[in-house]
Structures are given as structure tokens and as C-alpha cells.
Amino acid sequence: MKSRKKIFMIIASAVVVLAVLLLAVRKDKDRDNTSYTVMGQIHENIIEISGNVEAAQEQVMKTKNDGTVKKVNVKVGDYVKKGDPIVELDASEQEYNLANHMYEMEQTRINGSPKKLNVMEMQKAMLVNKLEDRTITARFDGIVVDLNINEGDYLNTDLANDIGTIIDRSYLYAEVEVVETDAARLRVGQDVIFSFPAYPDMKVKGYVDSYPAIGRITSRGATVIDVEIRIDDPPEEILPGFSFTADIVVSRPENVVLVDSRAIGYEKGSAFIDVRNADGKTERRSVKVDTFTNGMVKILEGAKPGDVLLAQKENISGNARMGGAMGGMRMPGVPMPGGKR
């Protein structure tokens, strides 16, 4: 009985050893049949954003007082300077009140007390403000883009009349969200390349103007940085409100050498590759590598585009070792493992 049991254990052990050997042979065969070609690509290190541009400043003109429009000094499309009168309301009553008050002040200077004169000076300032409020003026240099008023119209503050709009388009700006994983790559002054659906063939250059030293949590639960970007002297075709997509340029495009991470082996902390030469022979080389994205590895030294590398045994069925994600990088035409793009 013991002899039979011993024979059975020997046979079982032999089966296990045979299975291991067959698996090893299969892996070696898989390795011999699996290869990856080193590629050269142009890498754009960017942060992709989108939004709508706004004018540098916008003034929606409203009246502070009821009254009849006496004069309209501009029309749509006119350029105005800061302080220019746009619309004047009838101010007969205010002019009379101020003139009467000035007369009374002259009399007080002759016959009245200094205390009363001080009070009348304060009353004068109030009357001057009321007179000035009868004129709607431009708060900055800009262009009249909307005007909904004519001479003789009556304005009522209870109706909240919008008289018109002035904008300053000396520059356009937008506030965009950048995810927290890209925050470390932001710098004030970085170039921003804009594309506008309204003019698909036009590229407009802007820059990162500012961003806060604190993040914000959105209603979606994501943490973002609110970044202000700007276009100085924008083309006339680009109007406030236009939508855009844009790239914040983190660094200039560079030529990179890439390969699937499964072609990289490691021994004592050093990376190596097995290169299949034209004669079919295999050559082992040391390489310097860096992390990239989508299961790819950037080769810094030791291989060139076109080299054919054998898959490493431990990487054939495993996950990519070096495929660290780096948000916002764009690699046109880089294939994903398994042939996907």
C-alpha cells in the first residue's frame, strides 16, 4: 500500500513539473512571437480647455431718474471716451433748483451766518449730483453696441429700462476650469492658442493672465482651478460671447521616442530591452526610460525609431509597468496597447 502511494506521489510530482515546463516553454514561445516597434512621435504638452470669451468691460446703461429724453448723443457703432455724455434727460427742474440755491447762498454770504452757509454748501452738492444724474455717461473708453432710446422717450425707473450697452474690447478674456491634476503645470504668461467655431480656420494667440492660489470644488465634486486667460488686441471678427476651444501650451512640442511598456525589462533597478536585429538574432541593450501615458514608455537613450523589441516574459500577460497617467498630454497617432487608438 505504501509503495503504491509513493508511486502515485512521484507521478503527480512529475505531472506538475511537466506542466510548469510546458508553461515556461509556452511563455518563451509567446515572447518570441510578441514584439513591439519603437516609434518616433511629436509630443504636444498642453492643457485642453474651452469656454466663451467676454469683453474687458461692459456697461449696461440705465437711468437713475424718471424723465423725458432730451438728447441722444451717440448711435450704435460709435466709439466713446470715458465721461462722454450718452443720453441727456430733461433737467429743467434740477437746473432751476440749483440756480435758485446758488442765489440764496450769495445772499447768505452777505447777511447770513457761517454755520448756515456750511449747511447750504452740503445742499448744493446734493443738487449738483441730482443734475448730473440727468445725464448718462460712459464709464470707460469703448464702443456702443446697443442703443434702445430715442429723443422724446419717457424713462421710468420702475420699468428698469435698459438704454443700451457699451463694451471695451481692447482685450477679451475668459475664466476656465483646469482640473487639479494639471495645476502644477500652470504658469502665468503661458501661451494659449484659441480656436473659434465661428472661424474654424483662424488661430488666435492669447496667454494665461492669472489664477488663484486655491482650488474650488464644483457641484460635480471635482476640484478645479479657475484660470483667467486673455487675448490682447483681438481680431475684429471675434466678438464677446463667442465659444472656443483652446490649448494652454505647457512646453514646446518635442520629438519623443516611444514603445509599449511591455518591451521593457528590469534587472537590479536598471532597464533593458531585447532588440531583434535584421538577421533575426537578439541583442540585449541597456536603456534609459521615463514614464509616459497610455501604457507607453519614453526611451531617452538606447533605442531608436524602427527598432523591433521583444516582449519581456514578465510583461506578456501583465499590465504596463510604466504607463503613468499624465493629464492633458496629446499624442496624435500613438497606438494604444492592443492596436486601439
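Trainee: Is Thr-108 buried or exposed?
Mentor: Thr-108 is buried, with a relative accessible area of 8%. Buried means under 20% relative accessible area, exposed means over 50%, and partly exposed lies in between (1.4 Å probe, protein chains only).

Trainee: What kind of model is this?
Mentor: This is a predicted model, where local features need pLDDT of at least 70, side-chain atom pairs count only at pLDDT 80 or more, and totals for chains, interfaces and linings use all residues. Residues are numbered from 1 along each chain as its sequence is written, and side-chain values use heavy atoms, with hydrogens and water left out.

Trainee: Back to Thr-108. Which helix is it in?
Mentor: Thr-108 sits in helix α2, residues 92-111. Helices (H or I, at least four residues) and strands (E, at least two) are DSSP runs, numbered from the N terminus.

Trainee: And what does Thr-108 touch?
Mentor: Leaving out residues up to four places away in sequence, Thr-108 touches Ser-113, Lys-116, Leu-117 and Met-120. Contact means heavy atoms within 4.5 Å.

Trainee: How do α2 and α3 pack?
Mentor: Helix α3 covers residues 114-132. The two helices pack at an angle of about 165 degrees, and their axes are 10 Å apart. Axes are lines fitted to C-alpha atoms, for helices over the stretch in contact, and angles run from 0 to 180 degrees between N-to-C directions.

Trainee: What does that angle make them?
Mentor: It makes α2 roughly antiparallel to α3. Angles under 35 degrees count as roughly parallel, over 145 as roughly antiparallel, 65 to 115 as roughly perpendicular, and the rest as oblique.

Trainee: Which residues make the contact?
Mentor: On α2, they include Leu-98, Met-105 and Thr-108. On α3, they include Lys-116, Leu-117 and Met-120.

Trainee: Switching topic. How many strands are there in the chain?
Mentor: The chain has 21 strands, plus three helices.

Trainee: What is the strand order in the open sheet of four strands?
Mentor: The order is β7-β6-β4-β9, with antiparallel pairing. The edge strands are β7 (135-137) and β9 (154-155), and each pairs on one side only. Two strands pair if DSSP finds at least two bridges between them.

Trainee: How many bridges join β4 and β6?
Mentor: Three, in the antiparallel sense. Strand β6 is residues 85-89. The bridge partner of Lys-71 in β6 is Glu-88.

Trainee: What is the partner of Glu-88 in β7?
Mentor: Thr-135 is that partner. β6 and β7 pair over three bridges, antiparallel again.

Trainee: And how many bridges between β4 and β9?
Mentor: Two, also antiparallel, with β4 being residues 67-72. There, Thr-68 stands opposite Tyr-154 in β9.

Trainee: What holds strands together in general?
Mentor: Strands of a sheet pair through backbone hydrogen bonds, either parallel or antiparallel.

Trainee: What about β8?
Mentor: Four bridges join β8 to strand β10 (residues 164-179), and the two run antiparallel. Ile-143 stands opposite Ile-167 in β10. β8 (residues 142-147) also pairs with β5 (residues 79-80) over two bridges.

Trainee: Next, where is Glu-228?
Mentor: Glu-228 lies in strand β14, residues 223-232. Its relative accessibility is 23%, so Glu-228 counts as partly exposed.

Trainee: What is Glu-228 in contact with?
Mentor: Leaving aside neighbours within four places in sequence, its contacts include Tyr-173, Glu-175 and Tyr-207.

Trainee: Last one. How much of the chain is buried?
Mentor: Of its 341 residues, 33% count as buried.
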